[in-house]
Amino acid sequence: MGLTSCLFDKPDALGSRQLMQTLRLQIYAYLLLLPAFIFLVGFTHYPALATLFDSLMSTPRGSRPAVFVGLDNYQGMIEDPIFWKSLVNNFWFALATIPISIALSITMALWVNDKMTGRQFLRMSYFLPTVLPMIAVANIWIFFYTPGYGLINQVLQAFGFAGQNWLGDPTLVLGSVTVVAIWKEAGFFMIFYLAALQGLSPSYKEAAALEGASSWYFFRRVQWPLLMPTTIFVLVNALINAFRMVDHIIVMTKGGPDNASSLLLFYLYEVGFKFWDQGYASALTAVLLALLAFVGLLQFFVLDRRTHYR
Amino acid sequence: MRAPDAHAGWLSTLGAWLLALLWILPLLYACWAAFHPSEYATKLVLTAPLTLNNFSLAWDAAPFARYFFNTSLLVTTILFMQLLLCTLAAYAFARYEFCGKNLLFSLVLIQLMIMPEILIVRNYQTLTKLGLVDTLFGIGLPYFASAFAIFLLRQTFRTIPKELVEAAEMEGASSLQVLRHVYIPLAKPTYLAFALVSVSYHWNNFLWPLVVSNSVGSRPLTVGLQVFSSTDQGIDWSIITAATLLTSGPLLIGFLIFQRQFVQSFMRAGIK
């Protein structure tokens, strides 16, 4: 829709006074939007585009300004084993956190929504990690994972198993930080399911009770399909979070040992603010942006299509 | 009642409670270690004496008072700016017709997908140009316009009955007066919901403040805690957990008191 068609969309309103009036209202609306848009454009749209441009430039060092280097940064990325390691780690991290935290959050919501003994306490406990700073709780988790006298190993040893070096063993570390992420996220997602469950008509449940349906059957055939829009909303959020959660990596492992727990955003942070390699960091940002754009397109074209029965 | 259902009910109650205990275990442990002398930090002895010593040691070991001040100022500034800017934008989207409205709204929604922390490298350069690196204002700047707030407020504003607006206009109220006396009072629950979500998000935010701040004067609590527990301390768990509880304290106490409002606010924010 062009500017003219949008100004003249009411064919009988072509009088110059009315045109002035429409124009005035439009300018007024733009003025209302302006302050917010200065910040939105300045810190989201402009940097996203500028990053793409920066990723084609070298890193300015000292008196040498940035010069155009084409796809050199991307070439370096393809040859960088740490990049691939972080990408693969991020893939596994997402693949584990998303389904497990969604399954847990549905279970929690169903439990809290039932008239279960102490549901106030249950709801409070599940939700608690959401309000705690990740960096603070990561400190406590470090203690749980400490070799020797850490809580998990103390429990394992009490039952006669060997303790593990949870954060020091390259084969275990990614799993260990994934557990922390799930713990942090599940209670947050529970809230959305809880809201959706409370919006469902109680007559479904009554009907199911009359028919003698088991609670599993009722969940699978009635609640799960009705919760689909919530699941898609949560899924998209969980996907974004999988690329965004790095606080616990910075505190607990610093990506180690041997980059075994490095995630993309963590590596981007290292390259950008430890090695100060701006060109390469921009290329890494571009990859993250591409992944998020993919999530956006997925939501728009695939997932939203499936929930149009709302 | 059929027997299998009763059985499942008993089992799931047990499961629910076990999971809940597992979920608050980190907090329970933190309380244990923080309130007992450090020799009991790693073993559970019920007769261990209680102490507040760890808190005073932690409090003295780092400028936590300053960090508290910084975080409070940061969180309030961000919230104030968000409410101001996003109310105006949401009002425009909810009430007026203008060219490119859908396009502009899509541009707003992009921020839900690409959050400022993804763009730390470029945004850091912007702050450098503005001379705002290592300032609290610089930490807050990228969050002043929140797509989430605009979206949430627009949804609420759209449900406000036309008759109320027309009645106010009949009495000669200007556009901003209508906003102040009709729209904003009716959206109070949404404002509360967003405020709680925003405050707990920015109280806990870490990566961007870590990048921007490098002195005591601009460091929020989360970054201060990280500096404290990674360099100043060895592995004295009692003091680290005490510092951990200190940092999350206000939010935690607020949450325990206003638990209902918290959960309902997050629920309200989640329903589109």
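User: What should I know before I start reading residue numbers?
Analyst: Residues are numbered from 1 along each chain as its sequence is written, while chains are lettered from A and ligands numbered from 1 in the order in which they are written. The model is predicted, and local features need pLDDT of at least 70, side-chain atom pairs count only at pLDDT 80 or more, and totals for chains, interfaces and linings use all residues.

User: How many residues does each chain put into the contact between A and B?
Analyst: Chain B gives 70 residues and chain A gives 71 residues, where two residues are in contact if their C-beta atoms, placed from the backbone, lie within 7 Å.

User: Which helix gives the largest share on the chain B side?
Analyst: That is helix H1 (residues 3–34) of chain B, with 12 residues; helices here are DSSP runs of H or I with at least four residues, numbered from the N terminus.

User: And how does that side divide by residue type?
Analyst: The side of chain B that touches chain A has 49 nonpolar, 18 polar and 3 charged residues, with Ala, Val, Leu, Ile, Met, Phe, Trp, Tyr, Cys and Pro counted as nonpolar, Asp, Glu, Lys and Arg as charged, and the others, Gly among them, as polar.

User: Switching topic, at what angle do H3 and H10 of chain B pack?
Analyst: Helix H3 (residues 64–95) of chain B and helix H10 (residues 188–204) of chain B pack at about 140 degrees, with their axes 10 Å apart. The pair therefore counts as oblique, the class left over once angles under 35 degrees are taken as roughly parallel, over 145 as roughly antiparallel and 65 to 115 as roughly perpendicular.

User: Which residues make that contact?
Analyst: Among them are Leu74(B), Ile78(B) and Gln82(B) of H3(B), together with Tyr191(B), Val199(B) and Trp203(B) of H10(B), and the residues of this contact divide into 9 nonpolar, 4 polar and no charged.

User: What is the phi of Asp258(A)?
Analyst: Phi of Asp258(A) is near 55 degrees, a positive value in a residue other than glycine. Asp258(A) sits in the loop between helix H12 (247–252) and helix H13 (264–273) of chain A.

User: Is Asp258(A) buried or exposed?
Analyst: Asp258(A) is exposed, because 11 other C-beta atoms lie within 10 Å, the cut-offs being 20 or more for buried, 12 or fewer for exposed, and partly exposed in between.

User: Where is Asp134(B)?
Analyst: Asp134(B) lies in the loop between helix H5 (120–130) and helix H6 (136–140) of chain B. Phi of Asp134(B) is near 65 degrees, and Asp134(B) is partly exposed, with 15 other C-beta atoms within 10 Å.

Notes:
Axes fitted to C-alpha atoms, helices over the stretch in contact; angles between N-to-C directions. Helix = DSSP H or I, 4+ residues; strand = E, 2+ residues; numbered from the N terminus.
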